[in-house]
Amino acid sequence: MAFGLAGIAHGKKALRRTLSGLREAAMKSTTVPKGCIAVYVGEEVKNRYVVPLSYLNEPAFQELLSMAEEEFGYEHPMGGLTIPCREDVFIGLTSQF
């Protein structure tokens with residue numbers, strides 16, 4: 001008696017493919033390109049931005065980092081660099097670099 005085992009095997013293969021796709025997506029969302037740094041920006045909801053390391057030399061960006069240090073110290077709640085400002089301010093500032 002055959003109960004359609006071929007269909008079950010095909011379903012397992014599709015599930016495995018889906019899970020590996022989810023792992024790849026998760027890896028892509030957590031990796032940062034070489035020469036960049038991930039920062040979390042926002043007052044309430046923190047969104048992740050990836051910016052070039054060259055921004056660290058900009059005086060305005062250094063001021064944002066000072067604000068972050070004053071508010072969070074070195075224990076960042078998001079596990080990465082957190083900048084406590086409005087996103088529109090951050091985007092406006094970084095678009096000038």
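**The end of helix α3**

A: In this predicted model, a polar atom of the Thr 94 side chain lies 3.3 Å from the backbone oxygen of Ile 91. Thr 94 belongs to helix α3, which spans residues 87-94. Its relative accessibility is 10%, below the 20% limit, so Thr 94 counts as buried. Beyond its neighbours within four places in sequence, Thr 94 is in contact with Tyr 55 and Phe 61.

Thr 94 is one of the buried residues of α3, which are Phe 90, Leu 93 and Thr 94. These residues cover an arc of only 90 degrees around the axis, and therefore they lie on the same side of α3.

Helix α3 itself lies across β1, β2 and β3, and runs at about 10 degrees to β2.

The sheet comes next. Its three strands are arranged in the order β2-β1-β3, as an open sheet with mixed pairing. The edge strands, β2 and β3, each pair on one side only. From one strand to the next, the twist averages 40 degrees. Helix α2 also packs on this sheet, where α2 touches β2 and β3, and the direction of α2 makes about 100 degrees with that of β3.

Six bridges join β1 and β2 in the antiparallel sense. Within this pairing, Val 50 of β2 is the bridge partner of Ala 38, and Arg 48 in β2 stands opposite Tyr 40. The two strands form a hairpin with five residues between them, and in the turn Gly 42 has a positive phi of about 145 degrees. On the other pairing, β1 and β3 run parallel and are joined by three bridges. Tyr 40 takes part here too, with Thr 82 as its bridge partner in β3.

The chain has 97 residues, of which 21% count as buried. Of the contacts between residues at least 6 apart in sequence, 47% join residues at least 24 apart.

The average pLDDT is 74, and 63% of the residues score at least 70. Confidence is highest in β2, at 91, and lowest in helix α1 (residues 5-30), where the mean is 51. Over residues 9-15 the pLDDT stays under 50, and for these residues the model has zero contacts beyond four places in sequence. Where pLDDT is low, the predicted coordinates should not be read in detail.

Terms used. Residues are numbered from 1 along each chain as its sequence is written. This is a predicted model: local features need pLDDT of at least 70, side-chain atom pairs count only at pLDDT 80 or more; totals for chains, interfaces and linings use all residues. Side-chain values use heavy atoms; hydrogens and water are left out. Helices (H or I, at least four residues) and strands (E, at least two) are DSSP runs, numbered from the N terminus. Buried means under 20% relative accessible area, exposed over 50%, partly exposed in between (1.4 Å probe, protein chains only). A polar contact is a pair of N or O atoms within 3.5 Å; within protein, one must be able to donate a hydrogen and the other to accept it, and residues adjacent in sequence count only if both atoms are side-chain atoms. Contact means heavy atoms within 4.5 Å. The arc is that of the directions from the helix axis to the C-beta atoms. Two strands pair if DSSP finds at least two bridges between them. Axes are lines fitted to C-alpha atoms, for helices over the stretch in contact, and angles run from 0 to 180 degrees between N-to-C directions. pLDDT is the predictor's confidence in each residue, from 0 to 100.
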